[in-house]
Amino acid sequence: MKIIITGRPGVGKSTFFEKLISELRESNLLVGGIKAPEVREHGVRIGFKVIDLLSGEEAWLAKKSIPGSVRIGSYTVLVEEASRIIETALRRALGEASVIGIDEVGPMELKIPVFKPLLLEILDSGKPVILVVHYRLTNRDILGRLSDAEKIVLTMENREHVKSSTKGLINKVIEALASSRS
Ligand SMILES: Nc1nc2c(ncn2[C@@H]2O[C@H](COP(=O)(O)OP(=O)(O)OP(=O)(O)O)[C@@H](O)[C@H]2O)c(=O)[nH]1
């Protein structure tokens, strides 16, 4: 059972991801993985953190206007610091979680060497997965494993409706878990 959420920048993917994760937890499911929220200072985005969904531990994923060789747009990706959290979080999720969430499968995360192999392992694990996927993702290894996924393309027009009808998605995850345990 794979659910992918995609759509244009700023359309509401992370907000929807957060809603699904909290509803899964309300159904007493253990959700592991990572999310990478933006960090703003005085209203201006200065970077992104990466957070372990199980432990809450966090690290900088990328920061604006700092020196560094690994860059995405105006952001420097802090590979060393982010790798530690990402590896720990995804390995723990593989070992302990019922459901694995990743927000997002995007260019910054893909600059982290450990990210892609762990993502592929997760996609092959058979565990229910909820992914926010960058709308320009072209990586064939990853896309090849998403052909059977339930794909939700958020738009400004449908996002309110999609977010109000999460019950069906939650039930599908619960059914997938039940059948994988029987
Ligand atoms: N009115 C309204 N605003 C929303 C909704 N979902 C998200 N927003 C707002 O839209 C802005 C962007 O939301 P995000 O969830 O960060 O959007 P995103 O697609 O993850 O953005 P990127 O990760 O930058 O691509 C935030 O200010 C949200 O509060 C919604 O359903 N309705």
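**Close-up 1. Helix α6 from end to end.** Helix α6 covers residues 167-181, and at 1.5 Å a residue its 15 residues should span 21 Å, which agrees with the 21 Å between its end C-alpha atoms. The expected span is 1.5 Å times one less than the number of residues. Helices here are DSSP runs of H or I with at least four residues, strands are runs of E with at least two, and both are numbered from the N terminus. This is a predicted model, in which local features need pLDDT of at least 70 and side-chain atom pairs count only at pLDDT 80 or more, while totals for chains, interfaces and linings use all residues. Residues are numbered from 1 along each chain as its sequence is written, and side-chain values use heavy atoms, leaving out hydrogens and water.

Close-up 2. Look for Leu 169, Ile 170, Val 173 and Leu 177, the buried residues of α6 (under 20% relative accessible area, with exposed over 50% and partly exposed in between; 1.4 Å probe, protein chains only). They cover an arc of only 105 degrees around the axis, which puts them on the same side of α6; the arc is that of the directions from the helix axis to the C-beta atoms. Exposed Lys 167 and Glu 175 sit on the face turned away from the buried side.

**Close-up 3. Around the ligand.** Both α1 and α5 (159-164) supply at least two residues each to the shell around the ligand.
- a polar side-chain atom of Lys 13, 2.7 Å from a ligand oxygen atom;
- a polar backbone atom of Ser 14, 2.9 Å from a ligand oxygen atom;
- a polar side-chain atom of Arg 159, 3.1 Å from a ligand nitrogen atom.

Methods. A polar contact is a pair of N or O atoms within 3.5 Å; within protein, one must be able to donate a hydrogen and the other to accept it, and residues adjacent in sequence count only if both atoms are side-chain atoms.
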